[in-house]
Structures are given as structure tokens and as C-alpha cells.
Amino acid sequence: MPLVQRLIYLSSAAGRPTNANLGMILAAARRNNMRDGITGLLLYHDGNFLQILEGEAEKVQATFARIAANPRHRNLQRLPPVSVHTRLFPDWSMGFARPETVIVDSSIHVTAFREIQRDIKRIQTQDRRAAAMMRVFFASFRDILPTVQV
């Protein structure tokens, strides 16, 4: 099985994106990621993002470079990328989760934080760093009550 690169970063939005802005960001990410063979997950809450990108190293690095150059992001913090054999989100061109998500629609990979939190144990077995970053992200907001033990 060929190696893929996994890159995890946190950032803050410059300004407060509206639901329409988030929808446009997600649509563009999915379109670009499908073209480039990138999979992953985007978590959003209260002006903050956590994103996991997985794919061919050159494509992941190019995607991250576009994100880093985008003035809509600030306080960008990236973990060093790692090479892995198995993707955490192999079917998601860009899964999206936020606490406000009421409708879980697996056909378009939109879910609520509680669904991602339930998946932490599986993620932990494949990538401890990714699980730890997700736990920190969830724990950093007082208004997100854990629905499951994270």
C-alpha cells in the first residue's frame, strides 16, 4: 500500500464566517480535493478550524500552501506532516463537522461533533496525534458539552 501524507493544522478565521461563507469554503475544498486525490476532515467552531488533510505529499503541501496564503486564516499552527499507510477519512473529499450541525448527512459527509467524538477511539488506533488534536479542539470550547467520553 503506498504511503500518503497526513497534515494537521489549526487556524482562526479573520472575521466571522457566515454559514454561506462556510458553505463556499467547503464546496471549494471538496472540488479541489477531489481533483487532487485529497481526503480529510474540517472541524469548525466559534471562528476556529481544525483540518486534517491526507493524500499524495506534493498535493497535500500545495493545498496547505494555498490555505496558508489565504488572508481568511490567521494564527495558523501546523503539526509536522507524517507519512501513513491508511487514511483516516478515505471516503471524504472533505468531511465537515460543527456543533450546530443538526442534520447528519453521510452522503455529503456533513456530521455533528458528537458523531466525530464517537469515532475518536478508531482515530486513536490509527493516529494518536490526530486524536489528541481533536480532543484538544473539542475541549477548548466551554459551550461544547461532551456527549461521549473524548
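D46 is partly exposed in this predicted model, with a relative accessible area of 41%. Its salt-bridge partner is R16, and the closest N and O atoms of the two are 2.8 Å apart. The pair links distant parts of the chain, 30 residues apart. A search of the whole structure finds 7 salt bridges.

**The D46 and R16 pair**
- D46 sits in the loop between β2 (39-45) and β3 (48-55), while R16 sits in the loop between β1 and α1 (19-36).
- R16 is exposed, at a relative accessible area of 54%.

**Salt bridges around D36**
- K59 forms a salt bridge with D36, with the closest N and O atoms 4.0 Å apart.
- K59 lies in helix α2 (residues 57-69) and D36 in helix α1, so this pair ties together parts that are 23 residues apart in sequence.
- D36 counts as buried at 13% relative accessibility, whereas K59 counts as partly exposed at 32%.
- R66 also forms a salt bridge with D36, the closest N and O atoms being 3.9 Å apart.
- That pair links R66 in helix α2 to D36 in helix α1, 30 residues away.
- R66 counts as partly exposed, at 38% relative accessibility.

**Surroundings of S11**
- S11 belongs to strand β1 (residues 4-13) and is buried because its relative accessible area, 3%, is under 20%.
- The side chains of S11 and H73 are joined by a polar contact of 2.7 Å.
- Leaving aside residues up to four places away in sequence, S11 touches G47, N48, F49, H73, R74, N75 and L76.

Terms used: Residues are numbered from 1 along each chain as its sequence is written. This is a predicted model: local features need pLDDT of at least 70, side-chain atom pairs count only at pLDDT 80 or more; totals for chains, interfaces and linings use all residues. Side-chain values use heavy atoms; hydrogens and water are left out. Helices (H or I, at least four residues) and strands (E, at least two) are DSSP runs, numbered from the N terminus. Buried means under 20% relative accessible area, exposed over 50%, partly exposed in between (1.4 Å probe, protein chains only). A polar contact is a pair of N or O atoms within 3.5 Å; within protein, one must be able to donate a hydrogen and the other to accept it, and residues adjacent in sequence count only if both atoms are side-chain atoms. Contact means heavy atoms within 4.5 Å. A salt bridge is a side-chain nitrogen of Lys or Arg within 4 Å of a carboxyl oxygen of Asp or Glu.
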